[in-house]
Amino acid sequence: MKVVYTDVLVIGGGLAGLRTAVGVRRRGLDVLVLSLVPAKRSHSVAAQGGMQASLGNSAMGAGDNEDIHFEDTVRGSDWGADQRVVRMFVNTAPKAIRELAAWGVPWSRVARGSRESVVNAEKITIAEADDAHGLITARDFGGTKKWRTCYTSDGTGHTMLYALGDQTIAHGIPVLERQEALALLHEGDRCHGAVVRDLITGELTAYVAKATTIATGGYGRIYKVSTNAIICEGTGIALALETGVATLGNMEAVQFHPTAIITAGILTTEGCRGDGGVLRDVDGHRFMPDYEPEKKELASRDVVSRRMTEHMRKGKGVPSRYGDHLWLDITGLGRAHIEKNLREVKDICEYFLGIDPVEQWIPVRPTQHYSMGGIRTDHTGQSPTLKGLFSCGESACWDLHGFNRLGGNSVAETVVSGMIVAEFIADYCETEGGDLSIGTGLVREFLERERQRLDALLEGTGGESATALRESMEAVMMDKVGIFRTGEELEAAVQELQDLLRRSRNITLRTKAPGANPELVAAYRVQKMLKIALCVAQGALLRTESRGAHFREDYPQRNDRDWLNRTLATWDHEADDLPTIRYEEIPVTDMELPPGFRGYGTRNHVDHPDTGARVAEVEKKLAEMPEADRFGRQQALMEYESLLPEKYRGRNERLTERL
Amino acid sequence: MSTQMQARPADEAVARRLKIHILRYNPQDPASKPHLQLFEVDEAPSMTLFVALNDIRDRQDPSLQFDFVCRAGICGSCAMLINGRPGLACRTLTSGLGERITLAPLPFFELIGDLSVNTGKWMRGMSERLEAWIHSGTGVDLRRLEERMEPELAEQIYELERCIECGCCLAACGTARMREDFIGAVGLNKIARLRLDPRDQRTDADYYELIGDDDGVFGCMSLLGCQDVCPKDLDLQTQIAYMRRKMLRAAVFSRS
């Protein structure tokens, strides 16, 4: 029996996991990171366009601050977000970006003087101030009132991950590569670590830890086509689900990015549109202004993806052998700009499509991109039901994004949540509650259980193929749990997924080899993925309203009266064929920004009975304090600063707001 | 690019049956011996080696080992020898290759099995050996404005930062074949990147301690295989030549 003890076990070596590890190490704790792949190859590396932080350095971002970032994020979430978490996030994002700058990220900088830019398909001149020269600049992204997305060309995730990967090494933190957690060690309401399989040797090891953190990203790969890396299968989230104790939040909230290339589904960044690119239809017509006169191509992603699909349904798509698509036209931006600021996009177009985007339009269509749902945690990153289990980044639902995430808020969330959650993990480990209290008998039991499961798969004779089950699941999710959803299709999806789940208990492998065995890996993963897929489909079926990225054609209204809540899913018994779904109220009465119209998309919602009173209360409070500055006003509406770890409290300096 | 653009209309023509020879070996299995195995795959439109290899694993041999993560040419996982030349398999379109394709694991790195090699372990070792992170003396006050940087300098740093640690440069390197501790273009480029960065406060004398020997910058024989195969088109030749000059100066001045 191989057992390794540590203070903090981090599962996942992307931005969120690494930042958590660095944070707890700085607090003097022992930490181990487990990763399916070398850390610098994690999916974080694929973030192209940038990271939102309200620095307000560039002319088009002038006047930006936490308040505006807060409002944009809450509207983007369609009021599904936890507004206190949003406040914690927007106040820490500038600190996170400045920390990364100190660690070596070569953020693109403001250059003084005039330069040409493209906005709304027209050339404009932007004049940058002298005193902003050399500070971090920003570009435009969807759903934001200011240019707030800081970037390094279109390789932002790459530069962030490399800087953080190097910091991890500098801090002497072991990152154990090609290790896959199969199950959490837990007893009652306490998590004690994980059973882990070495993907090279097949050996099982129990990692026992005071705190276990899941930072394994999203579950895009339950869909047939996704912009996600192939390791984003949701199996990390499934570890929490399979405890039967931890809850998952808002799993039906799945984002489709407007512009992935056909057929590979590889992303072209929102920066293409942020920098002035437009969408065109089969006639070459720029159609988004017809639907969204205010934000046009730069409405939130859920809205743009729906408008594109709507337009294609009207027969305005470009037919191709792979189905209809639309065009992303960045030819107006010019070669110099594209080769400097959109060079990954250019590479992708050249290698995968054989086209030069400086001169040719890019064939795109909306494609699964982001998982708003994940392991439900409180604002400290801890599961409310399974103590000692933490989660942050895309795998968590703490809940920053509600039902739709804004572009540039995900990489920002990875590092911000890593910074914050690391402090709470360290606090937890330093208290009595964090003491290890696990007997070796329990460890033996879990190791034995996982060994038996693997043996059962290796010896299985039921005849089912993991590949076939997986392909069926991917197709069901694509066809029936996509951008536009109906009760009828969702019901069929749930039934088909249940059938696939039952069949997944009868897999037969052709390769019986122990050790590295890709077929065995595929088999145990598909069992986990089907449970995740069922959480998504069942959550979507039961939520009879439309909110953010979850759109029901049979219930097109956002219904605050009945559905201003968060979906919670648990898997109560291993033999179940469905998750148990419960709901958690999102109280209007303490919202800083009460629900209303987002400012884009269709104005069509049913108010919560408390909304009117809360709006009046907010107005009254603000009217009573005409002398107060923005900090005082904010504080009066919704206190949040006491929730932040002490070291991350405090205001952020700007050119116009000196400390 | 032009070859691929010309090749695309061929998608419409009669599909080819690709003959893919893969070097198989599983070091975990005592019975395994290295051998070439032939797989036949019907070519599909826009097929990449990522698609072809998954097709083989899903439909012909589920034991086949290879590594893909991003499948978009940005994570550096899938470098292998494609018809003898190091390259990223995920963004290699089969239409740009002949009907007969040979795939082998990247040399130089520890073999995990078949086409899978342990580049991650080597890269971590390189980073530790070169202390390849920003060495800055003081902490920063995160509430304050960030340090300024000239916009052009940030762009120059990004240019070198674009390395994805795929290992192609080492697989194509003559020196690495002879010196197993050679730090390679990837390591030298990383030092060049850190040296360019004012946030790293080390001097040339410090860098000399790290790369001023035959396992470092003086081991390079200027064969430039690294530059020929770099999937990110990094100007490795210039960086290595520049670093060699700077390290020579550092050596001379430290002795005078």
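**Strands, cis peptides and a buried aspartate**

Let me start with A:Asp399, which sits in the loop between strand 18 (396-397) and helix 11 (409-430) of chain A. Keep in mind that this is a predicted model. A:Asp399 is joined to A:Trp398 by a cis peptide bond, with omega at about 10 degrees. Another cis peptide bond in chain A links A:Ile262 to A:Thr263, and there omega is about -5 degrees. A:Thr263 belongs to the loop between strand 12 (254-261) and helix 6 (271-274).

Next, the strands of chain A. Strand 13 (residues 278-280) pairs with strand 14 (residues 326-329) in the antiparallel sense, over three bridges. Within that pairing, A:Arg280 has A:Trp327 as its bridge partner. Strand 14 also runs antiparallel to strand 15 (residues 362-371), again with three bridges. Here A:Leu328 is bridged to A:Ile362.

Now chain B. B:Asp197 is in the loop between helix 7 (184-196) and helix 8 (204-211). Is B:Asp197 buried or exposed? Its relative accessibility is 1%, so B:Asp197 counts as buried. Beyond its neighbours within four places in sequence, B:Asp197 contacts B:Ile134, B:Met149 and B:Ile157, as well as A:Gly104. B:Gln156 is 41 residues away along the chain, and its C-alpha atom is 9.4 Å from that of B:Asp197.

Last, positive phi values. B:Glu165, in the loop between helix 4 (151-161) and helix 5 (168-171) of chain B, has phi near 50 degrees without being a glycine. B:Glu165 is buried, at 6% relative accessible area. B:Leu224, in the loop between helix 8 and helix 9 (225-229) of chain B, has a positive phi of about 65 degrees. With 22% relative accessibility, B:Leu224 is partly exposed.

Key
Residues are numbered from 1 along each chain as its sequence is written. Chains are lettered from A and ligands numbered from 1 in the order in which they are written. This is a predicted model: local features need pLDDT of at least 70, side-chain atom pairs count only at pLDDT 80 or more; totals for chains, interfaces and linings use all residues. Side-chain values use heavy atoms; hydrogens and water are left out. Two strands pair if DSSP finds at least two bridges between them. Helices (H or I, at least four residues) and strands (E, at least two) are DSSP runs, numbered from the N terminus. Buried means under 20% relative accessible area, exposed over 50%, partly exposed in between (1.4 Å probe, protein chains only). Contact means heavy atoms within 4.5 Å.
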